[in-house]
Amino acid sequence: MTSFDDLLSQVPIAQIADQLGVDQATATTAVQAALPTLLGGLQVNAAQPQGAASLLGALDNHGGLVEGEGAVDLGQVDVGDGEKIVDNVFGDEKNTVISALGAGGGTGGNDLIGKLLPILAPIVLAYLAEQLTGGTAAPAPQQTQTSGGGLGDLLGGLLGGSSNSGGLGGVIGEALSKNAGGALGSVLGGLLGGKR
C-alpha cells in the first residue's frame, strides 16, 4: 500500500515529540505539514533529469529504515544525512520553506520545523526506496525516469493522498500539488523554474 497515510504511519511521532521537547499534538501537526512539503520538493527535483538521477542515487542508500511494519526507530535516523537531503531538496530556499511552515498554526515555529525536516528526510527517502524496489535491489533506470514513470508517479500519488488527509498537512499538500500561490508554492515553483 502506497499512500500518504502509509508514509505517515512510518513516522515515529511520539519519539520525535520526545526528542524535540514538544507534545504529540504539536509534533503531529508539524509532521503533517512538513511531509507534503518534502514530497513536493522531491517531486520538483525528480521532474528534472539531473535531479531524478541524484534522487535515485540517494534512494540506493536509504532502503533499510522502513523494512517491515510500523514506525521507524528514530535512533537509526541519520540527522546529518537529513540535513544534506533538505539542503539538496530546497537549496537556497530552505530558510524560506522553514519560515513558511513555521508560520503555520500549531507547527511549533521555525526552530521546531528546522529540526524536524532533517529527521523526516531520511524516513521519506527510505519509504520511497522501499516502495520503488519492493525491498529488493535498486530500481531499473527506465522504470523511474521514463515520462515521469515510477518515481514521479509515486511522489505524485503520495502528494495526491496528502491533500485528502485534512488538517494543515492537507492544506499545504493541496497548495503544493496545485503549485498555487503562497510562499511554499512559490518556492517550489522557483525550484522547478530551472534553479537546479
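Visitor: What does Glu83 form with Lys94?
Guide: Glu83 and Lys94 form a salt bridge, with their closest N and O atoms 3.3 Å apart. A salt bridge here is a side-chain nitrogen of Lys or Arg within 4 Å of a carboxyl oxygen of Asp or Glu. Glu83 belongs to helix H5 (residues 79-90) and Lys94 to helix H6 (residues 94-102), so the pair ties together parts 11 residues apart in sequence. Helices (H or I, at least four residues) and strands (E, at least two) are DSSP runs, numbered from the N terminus.

Visitor: Where do these values come from?
Guide: The model is predicted: local features need pLDDT of at least 70, side-chain atom pairs count only at pLDDT 80 or more, and totals for chains, interfaces and linings use all residues. Residues are numbered from 1 along each chain as its sequence is written, and side-chain values use heavy atoms, with hydrogens and water left out.

Visitor: Is Lys94 buried or exposed?
Guide: Lys94 counts as buried, at 19% relative accessibility. Buried means under 20% relative accessible area, exposed means over 50%, and partly exposed lies in between (1.4 Å probe, protein chains only). Glu83 is partly exposed, at 30%.

Visitor: Which side chain meets Lys94 at 2.9 Å?
Guide: That is Asp87, which meets Lys94 in a salt bridge at 2.9 Å, N to O. Asp87 is partly exposed, with a relative accessible area of 36%.

Visitor: How many salt bridges does the structure hold?
Guide: It holds three. One of them joins Asp111 to Lys115, with the closest N and O atoms 3.3 Å apart. Both residues lie in helix H7, four residues apart, about one turn of the helix. An α-helix has 3.6 residues a turn, so residues three or four places apart point the same way. Asp111 is exposed, at 53% relative accessibility, and Lys115 is partly exposed, at 43%.

Visitor: Changing topic, which residues of helix H2 are buried?
Guide: In H2 (residues 13-20), the buried residues are Ile13, Ile16, Ala17 and Leu20. They cover an arc of only 100° around the axis, which puts them on the same side of H2. The arc is that of the directions from the helix axis to the C-beta atoms.

Visitor: What covers them?
Guide: The cover includes helix H1 (4-10), helix H3 (24-46) and helix H7 (109-133). After H2 comes Gly21, whose phi is positive, near 70°.

Visitor: And Leu38, where does it lie?
Guide: Leu38 lies in helix H3 and is buried, at 1% relative accessibility. Leaving aside neighbours within four places in sequence, Leu38 is in contact (heavy atoms within 4.5 Å) with Val89, Phe90, Leu117, Leu120, Ala121 and Val124. Leu38 and Val97 are 59 residues apart in sequence and 9.7 Å apart in space, C-alpha to C-alpha.

Visitor: Where is confidence lowest, and where is it highest?
Guide: It is lowest in helix H8 (residues 141-145), at a mean of 38, and highest in H2, at 95. The score is pLDDT, the predictor's confidence in each residue, from 0 to 100. The mean pLDDT of the protein chain is 75, and 68% of its residues reach 70 or more.

Visitor: What about residues 162-182?
Guide: Their pLDDT stays under 50, and the model has 34 contacts for them beyond four places in sequence. Residues 190-196 also have pLDDT below 50, with 18 contacts in the model beyond near neighbours in sequence.
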